[in-house]
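Trainee: I would like a close look at a single part of this protein. Please take it step by step and then connect it to the rest.

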Amino acid sequence: MSDTKTYPIKQFSTHTPHINEEKYLRMYQQSVQEPEKFWSRMAHEFIDWFEPWKSVKEVDYKTASIKWFEGGKLNVSYNCIDRHLKDKADHTALIWEGDEPDQQRYISYQELHDEVCKMANALKSRGVKKGDRVCIYMPMIPEVGFAMLACARIGAVHSVVFGGFSPEALKSRILDSDCRVVITADAGVRGGKTVPLKANTDKALEHCPDVHSVFVVKHRLADIQWNSERDIDYNELKKDMEAECQVETMDAEDPLFILYTSGSTGKPKGVLHTSGGYLLHVAMTHKFIFDYHEGDIYWCTADAGWITGHSYIFYGPLANGATTLVFEGVPSYPTPSRFWQVIDKHKVNIFYTAPTAIRALMAVGDDAVTSTSRKSLRLLGSVGEPINVEAWEWYYRVVGNERCPIVDTWWQTETGGILISPLPGATPLKPGSATRPFFGVQPAILDQDGNELDGKASGYLVMKDSWPGQMRSVYGDHDRFFQTYFSQYSGYYFTGDGANRDEDGYYWITGRVDDVLNVSGHRMGTAEVEDALDRHPLVAESAVVGYPHDIKGQGIYAFVIFKKGVEFSDEIKQQLIDIITEEIGPIAKPDKIQWAPDLPKTRSGKIMRRILRKIAENQVDSIGDTSTLADPSVVQHLIDNRLK
Ligand code: WT7
């Protein structure tokens, strides 16, 4: 890593960046030395408050108690919409680019206001009140943003479920947070393929008796079933709704949303984010890290179902009064030039995407890129997984014409917003490094025993203190919050990632150190995939590990033991894939399934995943010590039959 090339800071021809090197160091120092003063100043600068807070920060990692700006009153929807109306009512808030290149919508801040108010009034008409949970299961259309902001407006807590999740996954999320209302669409479409959202919702709701209202946005005029007691045609209802809805006054620490994410054990956790600190963190990072300036066209390609969509399609950009692009489609449809054509069509200045998309497009060849102009681009971003040097350099050279800095942003669903990233005017870049901490963020690297390492180091990435956008709890299970993030190393937030720090203090994220997979930027627990496989009546046991995959970053490799006498066949293999699609969704399909007569286990019965990982990675020469296994001979069989 020390022999990688460093890219010096670029001068933008159009703007002076908000933060330069000297300013970064000064502000960073203040943010950690006088946090109360620093964050007070920022909270006044970025947010409109109805009432001031009583204390800036009350944090105790020993009890996982985290509070920012408690007593302060605000409304997130007001901050994202109403306060901009004075001078921006006719500015474009959302640009929608449909799945087909001839579909687009432009929504001004005034229209956003009216749409959000109507949706908020519709929710109220069905009895939704402050604190109630509302599930949103939507395609990437402007209405997904209207729905989120409508909840925020009336103080309801949204739980967005990614449209690619199965009815089963939707059901368990609805039940876990006791949502009584669902907002969905008749169907979605991605890359020309229909996603039957309403049919999936119907299926999920067979097991959710408490859901009394389902708002259906008619998007595709799809043929759908109708339950007249429960289902509401939103397009019809909207006609009767007023375009004014007073905002609810919320405490900074009132919940804003729940978002489910996978961990190494158990079912997905409902990550709970609150209002004041979260909004401040995403607004500030959006402005400084993407060097957002008035009038910029900004595009983040994530889905609203993930935290990146929450923080950097909607809340961060809208809090700053930006124009943010919402894209329904996929990078490869109708051609692999789509991203670059959309950039030209809407004159996008700031573009934020994932390494898996970059690698897939790189594999298609440069022509698909170079046939487009991309002249409007000023800055590129990357998020979701480590970006390999080759992909970074291609992104820099071919997509950005060596003109645009790349911000490689490290963060997590749990962190709410970006924690480690370059600032374009302040940070020389090293391909593959997320570089340095954002203001107020204090990373540390620990060894196995929890000792903090100095200088150049390699180990577990933790955070020494809180930042405003940090998650506050696991919905309904505060003890799980404590156990998952604060019990490993007392006094630290444990990220679950490994990292190296180089001689310049730059961080290089090496990936998860727990049993969490990152497949095309989608996070899933090995245990979840195993649970799904184990549901097959012929499966006795299974073990799932990740292995390096050229495009996806990680692929899924499953070892499966069948019950006595069962012959492994293509038919069973297909059934296993179907079961995973049903239980989780197509994103969790294994790339490889190997029949295993037995698994390498310790004498106490624990599966040694280290060995399985080596086999999956095809690194059988470095399997290491197997003498602690109950039966070392099982390893040879797995090696001999491994899938390359
Ligand atoms: C995990 C979090 C952050 C929003 C999208 C994913 C990995 C994320 C980077 C990066 C290396 C990264 C980490 C992290 N990750 N960004 N720039 N470099 N790794 O959010 O689903 O909560 O996943 O994604 O392993 O722990 P998430």
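Which residues does K198 touch, not counting residues up to four places away in sequence?

Mentor: Keep in mind that this is a predicted model. K198 touches T184, A185, D186, V216, I224, Q225, W226, R230 and D231, leaving aside residues up to four places away in sequence. K198 itself sits in helix 8, which covers residues 197-205. Its relative accessibility is 1%, so K198 counts as buried; the cut-off for that word is under 20%.

E115 belongs to helix 5, residues 109-125. E115 counts as buried because its relative accessibility is 16%. With residues up to four places away in sequence again left out, E115 touches F146, Y234 and K238.

Next, the backbone. D178 is not a glycine, yet it has a positive phi of about 50 degrees. D178 lies in the loop that runs between helix 7 (167-176) and strand 8 (181-185). With a relative accessibility of 27%, D178 counts as partly exposed. A64 is another residue other than glycine with a positive phi, here near 55 degrees. The loop that holds A64 is between strand 1 (55-60) and strand 2 (65-70). A64 has 0% relative accessibility and therefore counts as buried.

One peptide bond also deserves a note. Y333 and P334 are joined by a cis peptide bond, with omega at about -5 degrees. P334 is placed in the loop between strand 17 (323-327) and helix 12 (338-346).

Now turn to the ligand. There are 17 residues around the ligand, and those that come nearest are D408, T409, T413, D497 and R523. In D497, a polar side-chain atom is 2.8 Å from an oxygen atom of the ligand. G384 takes part through its backbone: one of its backbone N or O atoms lies 3.1 Å from a nitrogen atom of the ligand. On its own the ligand has 550 Å² of accessible area, and the protein covers 94% of that. Helix 11 (307-319), strand 20 (406-409) and strand 26 (507-512) are the elements that give two or more residues to the shell around the ligand. By type, the shell residues divide into 6 nonpolar, 6 polar and 5 charged.

Just after helix 11 comes G321, where phi is positive at about 70 degrees.

Last, the overall division of the chain. Domain 1 takes residues 21-500 and domain 2 takes residues 520-641. The C-alpha centres of domain 1 and domain 2 are 33 Å apart. Where the two are in contact, 23 residues come from domain 1 and 19 residues from domain 2.

Methods
Residues numbered from 1 in each chain as written. Predicted model: local features only at pLDDT ≥ 70, side-chain atom pairs only at ≥ 80, totals over all residues. Heavy atoms only, no water. Near = heavy atom within 4 Å. Polar contact = N/O pair within 3.5 Å; in protein donor to acceptor, adjacent residues only side chain to side chain. Areas by Shrake-Rupley, 256 points an atom, 1.4 Å probe, with all protein chains shown as cover. Helix = DSSP H or I, 4+ residues; strand = E, 2+ residues; numbered from the N terminus. Nonpolar A, V, L, I, M, F, W, Y, C, P; charged D, E, K, R; others polar. Domains from an automatic or database assignment. Contact = heavy atoms within 4.5 Å. Buried < 20%, exposed > 50% of the residue type's maximum accessible area, 1.4 Å probe, protein only.
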